[in-house]
Structure formats: structure tokens, C-alpha cells
Amino acid sequence: MKFKLFSLCALMTMSSQLAAEENDSGNTLPEEKEWDITSEVGAIITSGNTETTTLKGEIKAKHHLDNWRNEYKIDGIFKEDEIENDDGEKVKERTNEKYSLSVQGNYKLVEDHSHLFIFGSYDSDYFGAYRSESVFSVGYGLRVVSRPNMYLDFEIGPGIKRFEYQESSTEVTSDGQPLAGATESEAIGVAKIDYEWTISDNAKFTQIVAVEYGDTNTKSESETALMTKVNGSLQMKVAYKITHNSEVDDGKENTDTETSLTLVYSF
């Protein structure tokens, strides 16, 4: 959690300095394409609740309109390993399976680089801290830095989160009732920082930090990535992702990490 707070502070400090430089230079971002679609697939190494090598796939789309900027994302991880059971026989066993879907609509306000957003997401995770999570939130966003080669967006707002405990959960309620397979809902606060720096025509750096704060659990995610152009629309992406849950079931770790190397194709 300290890492997430440090990242937030560092990026906000950097944004203030860059914003001052932008005001002096008067630079603006180049015109955006109406559709910006990327797909990626590759190998991933995970540690924490699951330790395995598997394949990862993702499709991300941004739709730029006169008054709206919409974002769509779907990704998934699936892994099946061959293990030896108690009888000494080799059998296939699923070791990691997770699917995520998210949609966000950003309504542009009259003020420069500000917007109102509405966000919805669903995560299905067979081996994570929770079996499934659904989030709906609204809020305000501001483009703190807007330059030809970089931008920094900050968003904050309230939301509602519904989560389902794993069937294997050993957690119980205050009156001793088991929570295995049960679902709960709570109000949350959300915050997100999205930073992108085009280093050159062939290299791009991105940093995303997101926090969902709730009484039951606070979930923090950080993804640091570097993309380099291979040929034409094909890029190579190296990323490091950290997911931290403040409250997890006994036997599970609070922090999961992913180190991935993927190929990205832009449409």
C-alpha cells in the first residue's frame, strides 16, 4: 500500500512541474483518431496467490467523439498445468483463470481537459481474493498535463462495489455465519491516475495507478509498462502489475504481481 501512495505522490508532483512547463510553451496534443484499438497476447509470469507461466490476451478500444471519449476493455488469463496427484498419476489441473470487462464513458466539459465519467466493470477470478467483483462509479476527471508527447489524467469519485467470496473462503460474519459463496455490497471511493509518455517514435511509457477504497476491502492496482515498436503497427510490451487487497481470506496473500512480455497490434 505504501508503494501505491508513493506512486500517487510522485506522479502528482511531476504533473505540477509539467503543467507549468506546458503553460509556458502553449503546446497542444495532436489530433486524436476516432477509433484507437489495440490487441495483445503473450507470456506472463505471476507470483502471489498463483505462481505459474501462462498466456494473456487483451483487447482495448478508445472511441473519440465530439462530446464523449469512451473506453472499452476486455482481457483474460487461462492456465492449465499437468500435475501429479496423490496416486502418482499425471492429471491436468486449472491453476489460473480470470476474466475482466470494463466500460467507461467520459463526457467532455466546457473547461479545457476536464470531464465527467461513468464507469462499470466486472471481474471473474477463480483463484483471487474474491470470486467476482462488480464496480459502478461516477466522478470527475481532469487532464493535468497535456503536451504533444505526454498526458496525465486524474479521476476521482464515489461508487458501489459488489463482491462474491470464494467457495473455499473460511471467513465468517460477526455472528459466526460462514461467508463462503456469499455476496456483499458497499459504497466505495475510487481514484485513478493515468500517465502516458511517448519517448520517441518507437517507444512509449505508461503508468496507471487505481484505488478502490471501501470499509470491507481496499483494492489498489499499479501497472508500469514500456512499449517499443517492432514493425509497423506491431509493438512489444513489457509490463509489471501489482494488485493489493487489504483484506483477504486465510491462506491467501494480500499482494499479487504480474510480469508480462506481450506483443501488441494497433488498428
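Reply: A residue counts as exposed when its relative accessible area is over 50%. The model discussed here is predicted. I45 has a relative accessible area of 52%, so I45 is exposed. This residue is found in strand β1, which covers residues 35-47. Between I45 and L55 there are 9.0 Å in space, C-alpha to C-alpha, and the two are 10 residues apart in sequence.

Rolling a probe the size of a water molecule over the atoms shows where empty space is left. A search of the whole structure gives two cavities of 30 Å³ or more. The second largest cavity has a volume of about 70 Å³. Its lining consists of R69, E71, Q104, N106, D153, F154, E155, K192, I193 and D194. Two or more of these residues come from each of β3 (68-84), β4 (90-108), β7 (150-164) and β8 (183-200). By class, the lining holds six charged, two polar and two nonpolar residues.

Strand β9 (residues 203-213) runs antiparallel to strand β10 (residues 219-231), and 10 bridges join them. One of the paired positions is I208, whose bridge partner in β10 is E223. Five residues lie between β9 and β10, which form a hairpin. β10 also pairs with strand β11 (residues 234-245), in the antiparallel sense and over 12 bridges. There, A225 has A239 in β11 as its bridge partner. The hairpin of β10 and β11 has two residues between the strands, and G232 takes a positive phi near 60° in this hairpin.

Definitions and conventions
Residues are numbered from 1 along each chain as its sequence is written. This is a predicted model: local features need pLDDT of at least 70, side-chain atom pairs count only at pLDDT 80 or more; totals for chains, interfaces and linings use all residues. Side-chain values use heavy atoms; hydrogens and water are left out. On a 1 Å grid over the protein atoms alone, a cavity is a set of points where a 1.4 Å probe fits but cannot get out, and a pocket is an open set with protein on both sides within 12 Å along at least five of seven lines; lining residues have an atom within 4 Å of a point. Grid points are joined across faces, edges and corners, and a volume is the space filled by probe spheres set on the points. Helices (H or I, at least four residues) and strands (E, at least two) are DSSP runs, numbered from the N terminus. Ala, Val, Leu, Ile, Met, Phe, Trp, Tyr, Cys and Pro count as nonpolar, Asp, Glu, Lys and Arg as charged, and the others, Gly among them, as polar. Buried means under 20% relative accessible area, exposed over 50%, partly exposed in between (1.4 Å probe, protein chains only). Two strands pair if DSSP finds at least two bridges between them.
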